[in-house]
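Colleague: Could you take me through this one? I would like to start with the overall picture and then go into some side chains.

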Amino acid sequence: MKKMTVEAWKKCPVCGKTENQVRAGYNGSGSQRCKCKECGKYYTINPKQHTYPEETRKLALKMYYGGISGRSVGKILHMNKSNVMNWIKSQLQGEFSAQTDTKDRGNG
């Protein structure tokens, strides 16, 4: 049977209660999952962040703009090529919106 706990760090993100919180296994990354018996919401106490460091992102973009394909950059840095391509798209969209903003300011 699951043990009921009353600890301040186990707070339901929906109803905000700290009592009637039970452990409910682990998620895919190994973080503890909990269930609120008041509202029935499952939540993770301290979810792990799955992000790459900013240095890795800058290195991937530098390699790509240096002439290496997105697929090769992914292989070299041991990551999915989709990550690299998404970073390139987001950077290009940021540059495009910056150019649009400067054009709008120049006309006014």
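Modeller: We can go from the overall fold to the cores, the aromatic pairs, the hairpin and the backbone angles. This is a predicted model, in which local features need pLDDT of at least 70 and side-chain atom pairs count only at pLDDT 80 or more, while totals for chains, interfaces and linings use all residues. Residues are numbered from 1 along each chain as its sequence is written, and side-chain values use heavy atoms, with hydrogens and water left out.

Colleague: Fine, so what does the secondary structure of the chain come to?

Modeller: There are three helices and four strands, where helices (H or I, at least four residues) and strands (E, at least two) are DSSP runs numbered from the N terminus. In sequence order the pattern reads β-β-β-β-α-α-α.

Colleague: And what share of the residues counts as buried?

Modeller: Of the 108 residues, 21% count as buried, with buried meaning under 20% relative accessible area, exposed over 50% and partly exposed in between (1.4 Å probe, protein chains only). The accessible surface of the chain is about 8100 Å², and carbon and sulfur atoms hold 51% of that; these areas come from the Shrake-Rupley method with a 1.4 Å probe, and for residues only the protein chains shown count as cover.

Colleague: Which residues make up the largest nonpolar core?

Modeller: That core has nine residues, namely Ala60, Leu61, Met63, Val73, Leu77, Met79, Val84, Trp87 and Ile88. A nonpolar core here is a set of buried Ala, Val, Leu, Ile, Met, Phe, Trp, Tyr and Cys residues joined through side-chain atoms within 4.5 Å. H1 and H3 are the elements that give two or more residues to this core. Apart from it lies another core of five residues, including Cys12, Cys34, Cys36 and Tyr43.

Colleague: What does Met63 touch?

Modeller: Leaving out residues up to four places away in sequence, Met63 touches Ile68, Val73, Ile76 and Leu77, a contact being heavy atoms within 4.5 Å.

Colleague: Switching to rings, how many aromatic pairs does a search of the whole structure find?

Modeller: The search finds two; rings of Phe, Tyr and Trp (its six-membered ring) pair if their centres lie within 6.5 Å, and planes under 30 degrees apart count as stacked, over 60 as edge-to-face and the rest as tilted. Tyr52 and Trp87 have ring centres 5.7 Å apart and planes at 85°, so this pair is edge-to-face. Because Tyr52 lies in the loop between strand S4 (42-44) and helix H1 (54-65) and Trp87 lies in helix H3 (residues 81-107), the pair ties together parts that are 35 residues apart in sequence. The other pair is Tyr64 with Tyr65, with centres 5.5 Å apart and planes at 75°, so that pair is edge-to-face as well.

Colleague: Now the strands: in which sense do S2 and S3 pair?

Modeller: S2 and strand S3 (residues 32-36) pair in the antiparallel sense over four bridges, where pairing requires that DSSP finds at least two bridges between the strands. Their hairpin has five residues between the strands, and Gly30 in that hairpin takes a positive phi near 95°.

Colleague: Which residue stands opposite Gln32, and what polar contact does its side chain make?

Modeller: Tyr26 stands opposite Gln32, and the two side chains make a polar contact at 3.4 Å. A polar contact is a pair of N or O atoms within 3.5 Å; within protein, one must be able to donate a hydrogen and the other to accept it, and residues adjacent in sequence count only if both atoms are side-chain atoms. A polar atom of the Gln32 side chain also lies 3.0 Å from the backbone oxygen of Gly25, and Gln32 is buried at 17% relative accessible area.

Colleague: Last topic, which residues other than glycine have a positive phi?

Modeller: Asn20 has a phi near 60° and His78 one of about 55°.
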